Amino acid sequence: MNCIFCDIINRKANAEILFENEKVLAFLDVRPVNYGHTLVIPKTHSENFLSVCKEDLLELIRITQMISGAITKSINPDGFNIVTNNGTAAGQSVFHFHFHIIPRFNNDAFSFKPNLKSYSNGTMREFADKIRAKIF
Ligand code: AMP
Ligand code: ZN
């Protein structure tokens, strides 16, 4: 399997590593939205948010909070986004699960610009029923 993030974990590819422990690695994104943009990944390869094991996910969230704090203290952004893209349609380009920590500044160029929809009569309940039926 060819995976650039596994190569970074195994030191076969270079990266600016910020932190690592037994389960998690954090490093700078090489093409940042803003400087300090960081990726937090599990050391065990997993494709996405649904397949990553729960133990790794808990540790990823804990470390993502810790690194977000360090970015806030060191870079002093006006805010930050925690983002995870899942699937090509959602913008995922590396299929090794990761959280982005994106430092944000007032009036920076980055925006999601969503084209917001409205639910027509009854359809909100229909969508909710469909989803509720699959929660277990
Ligand atoms: P995504 O599009 O959500 O899958 O995010 C993948 C991210 O990985 C992108 O923002 C890339 O800039 C970043 N990326 C890809 N290759 C490398 C690399 N070798 N070192 C650091 N970041 C990388
Ligand atoms: Zn991988």
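This is a predicted model: local features need pLDDT of at least 70, side-chain atom pairs count only at pLDDT 80 or more; totals for chains, interfaces and linings use all residues.

Modeller: Start with His45. His45 counts as partly exposed because its relative accessibility is 27%. Residues are numbered from 1 along each chain as its sequence is written, chains are lettered from A and ligands numbered from 1 in the order in which they are written, and side-chain values use heavy atoms, with hydrogens and water left out.

What does His45 hold? Its ND1 atom coordinates the zinc ion (ligand 2). Donors here are N, O and S atoms within 2.8 Å of the metal (3.2 Å for Na, K and Ca); water is not among the atoms, so sites may look incomplete.

How are the four donor atoms arranged around the zinc ion (ligand 2)? They subtend angles of 99 to 118°, and therefore the arrangement is tetrahedral. That word requires all angles of the four donors to lie between 85 and 135 degrees. Along the chain, the donors follow the spacing C-x2-C-x38-H-x50-H. Cys6 and His45 link distant parts of the chain, 39 residues apart. Cys6 sits in helix 1 (residues 4–9). His45 sits in the loop between strand 3 (38–42) and helix 2 (54–75). Helices (H or I, at least four residues) and strands (E, at least two) are DSSP runs, numbered from the N terminus. Cys6 counts as buried because its relative accessibility is 14%.

Now step back to the whole chain. The protein has three helices and five strands. Read along the sequence, their pattern is α-β-β-β-α-β-β-α. The C-alpha atoms fill a box of roughly 55 × 40 × 25 Å, taken along the principal axes. Of the 136 residues, 35% count as buried.

Next, the interior. In soluble globular proteins, nonpolar side chains tend to be buried together. The largest nonpolar core has twelve residues: Val24, Ala26, Val40, Val52, Leu57, Leu60, Ile63, Ile67, Ile71, Phe97, Phe99 and Ile101. Strand 2 (24–28), helix 2 and strand 5 (99–104) are the elements that give two or more residues to this core. Helix 2 gives the most, with five residues. Such a core is a set of buried Ala, Val, Leu, Ile, Met, Phe, Trp, Tyr and Cys residues joined through side-chain atoms within 4.5 Å.

Asp56 meets Lys23 in a salt bridge, 3.7 Å from N to O. This pair links distant parts of the chain, 33 residues apart: Lys23 is in the loop between strand 1 (17–20) and strand 2, and Asp56 is in helix 2. A salt bridge is a side-chain nitrogen of Lys or Arg within 4 Å of a carboxyl oxygen of Asp or Glu. Asp56 counts as buried because its relative accessibility is 7%. Lys23, at 27%, counts as partly exposed. Helix 2 also holds Ile75. Ile75 is partly exposed, with a relative accessible area of 32%. The C-alpha atoms of Ile75 and Tyr35 are 8.7 Å apart, although 40 residues separate the two along the chain.

How many salt bridges does a search of the whole structure find? It finds seven. One of them joins Glu20 and Arg11, whose closest N and O atoms are 2.5 Å apart. Both partners are partly exposed: Glu20 has a relative accessible area of 34%, and Arg11 has a relative accessibility of 47%.

Another salt bridge joins the side chains of Asp129 and Arg132, at 3.0 Å from N to O. The two are separated by about one helical turn because they are three residues apart in helix 3. Asp129 is partly exposed at 40%. Arg132 is partly exposed at 49%. Elsewhere, salt bridges that share partners join Arg11, Glu20 and Lys43 into one network.

Note on methods
Four donors count as tetrahedral if all angles lie between 85 and 135 degrees; four count as square planar and six as octahedral if opposite donors are over 155 degrees apart and all others between 65 and 115; anything else is irregular. Buried means under 20% relative accessible area, exposed over 50%, partly exposed in between (1.4 Å probe, protein chains only).
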